[in-house]
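I opened the model and kept notes as I went.

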Amino acid sequence: MDVVNRYITINNHVNGAPQDSDFELKAFPLALSLDPASNVVIVKNLYVSIDPYQLNRMKSFSASQKTSDFAVAIVPGEAIDTYGVGKVVASTNPEFDKGDIVVGLLNWGEFTVIKAGGMLNKLNTMGFPLSYHVGILGFSGLTAYAGLFDICKPKKGEKVFVSAALGSVGNLVGQFAKLSGCYVVGCAGSKEKVALLKEKLGFDDAFNYREETDLNSTLKSYFPNGIDIYFDNVGGEMQEVAVSNMNINGRIAVCGVISEYLDSEKRAAPSMIEVIYKRIKIQGFLAGDYLNIFGDFLSTTCDHLRTGKIQPLEDISDGVESIPSAFISLYRGQNIGKKIVKIAEE
């Protein structure tokens, strides 16, 4: 039997802000009858992740493209891989059976063909919605957990600042830090987001960076005794002023630099004198570096979800055709929490 597989690709390299015209919805017939010797799995995609870093893969060049298997350049016209959850509809791989719910590298499309050795695992939902395993129980959650606990090592009473605090990673960093007994302030891009940080997620305080004309003074007002931990999702000027307000032996986890994705001139230039004399640790990292602690992360986060100590924050669009607008929304500050596209019902 054949099905029609619709998927999203780029028409050309995307070197500026992504636009609808950069994307194309393609379709081709896909045979579900497989050669018994093919060792292939065909997955019906159910939920797929939408992440800012994909823009660097779409560029004609980015330094990130040569540093990680997850960041290789996307070729215009070809399928775009991403983290997602799906259901096996055909398999000649002995490790997977038709009907299995799986998680791994899928495509921005309706079906994914996965050859032997592809990143795919059977999923134990543990009673949680499938979408959770794309976000809070997936790489977004692991990024927050590893960056905060492995790199920054928070102690009770420490002062934590989180940029892009209502994004897929930032909102979890703040919640984890609060559970560790820290004082947490986040920044976001609207009054509504600031209210969510304080009223729903339990941040001690938050501010709208778009309303601030002097970010250095703003941080001094929220952290009169300095910052111990900065979880950086944006880079640029925010990183510079955070360094200026860090305490001795402060720690900075650099998770993302979204301000630079659209404008390479906005590179952060923190005071290295302050970094040296305050003995500030600044470390970039990728979630893939911390797969060895995935079990600990999953157990801890599931416990917090069951007890209501952590609130999941998801922003879900419907249908493969909504993928471009979902991706573009990340760069317009329109997402609330983890951006996900629901491709199909289970």
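**Ground rules.** I am working on a predicted model, where local features need pLDDT of at least 70, side-chain atom pairs count only at pLDDT 80 or more, and totals for chains, interfaces and linings use all residues. Residues are numbered from 1 along each chain as its sequence is written, and side-chain values use heavy atoms, with hydrogens and water left out.

**The record.** I checked UniProt next. The unreviewed entry lists residues 21-341 as "domain: Enoyl reductase (ER)". I note that UniProt positions are given in the numbering used here, that feature names are shortened, and that annotations may be inferred rather than shown by experiment. I looked at how the span sits in the model. The end C-alpha atoms of residues 21-341 lie 19 Å apart. The span is 27% helix and 27% strand. Helices (H or I, at least four residues) and strands (E, at least two) are DSSP runs, numbered from the N terminus.

**Strand S11.** I started with S11, residues 227-232. Six of its six residues are buried. Buried means under 20% relative accessible area, exposed over 50%, and partly exposed in between (1.4 Å probe, protein chains only). I then asked which strands pair with S11. Two strands pair if DSSP finds at least two bridges between them. S8 (residues 159-162) pairs with S11 in the parallel sense over three bridges. Val 162 has Phe 231 of S11 as its bridge partner. S12 (residues 246-254) also pairs with S11 in the parallel sense, over five bridges. There, Ile 229 stands opposite Arg 251 of S12. I followed the chain from S11 through helix H6 (residues 236-244) to S12 and found a right-handed β-α-β unit. A crossover is right-handed if, with the strands pointing away from the viewer, the path from the first strand over the helix to the second runs clockwise.

**Strand S4.** I moved on to S4, residues 81-91. Eight of its eleven residues are buried. S3 (residues 40-49) runs antiparallel to S4 and is joined to it by seven bridges. Val 48 stands opposite Gly 84 of S4. S5 is antiparallel to S4 too, again with seven bridges. Thr 82 has Leu 106 of S5 as its bridge partner.

Rolling a probe the size of a water molecule over the atoms shows where empty space is left. On a 1 Å grid over the protein atoms alone, a cavity is a set of points where a 1.4 Å probe fits but cannot get out, and a pocket is an open set with protein on both sides within 12 Å along at least five of seven lines; lining residues have an atom within 4 Å of a point. Grid points are joined across faces, edges and corners, and a volume is the space filled by probe spheres set on the points. I get about 260 Å³ for the second largest pocket. Which of its 15 lining residues are closest to the centre? They are Tyr 83, Val 103, Asn 121, Leu 123 and Phe 294. Strands S5 (101-107) and S7 (120-122) and helix H9 (294-307) each give two or more residues to the lining. By class, I count ten nonpolar, four polar and one charged. Ala, Val, Leu, Ile, Met, Phe, Trp, Tyr, Cys and Pro count as nonpolar, Asp, Glu, Lys and Arg as charged, and the others, Gly among them, as polar.

**Cavity.** I find one cavity of 30 Å³ or more. The largest cavity has a volume of about 50 Å³. Among its lining residues are Gly 135, Ser 168, Asn 171, Pro 312, Glu 314 and Lys 338. Its lining divides into four nonpolar, four polar and two charged residues.

**Positive phi.** Most residues other than glycine have a negative phi. I noted Lys 153, which is not a glycine and has a positive phi of about 45°. Lys 153 sits in the loop between helix H2 (139-152) and S8. Lys 153 is partly exposed, at 48% relative accessible area. Ala 164 also has a positive phi of about 45°. Ala 164 lies in the loop between S8 and helix H3 (170-179). At 30% relative accessibility, Ala 164 is partly exposed.
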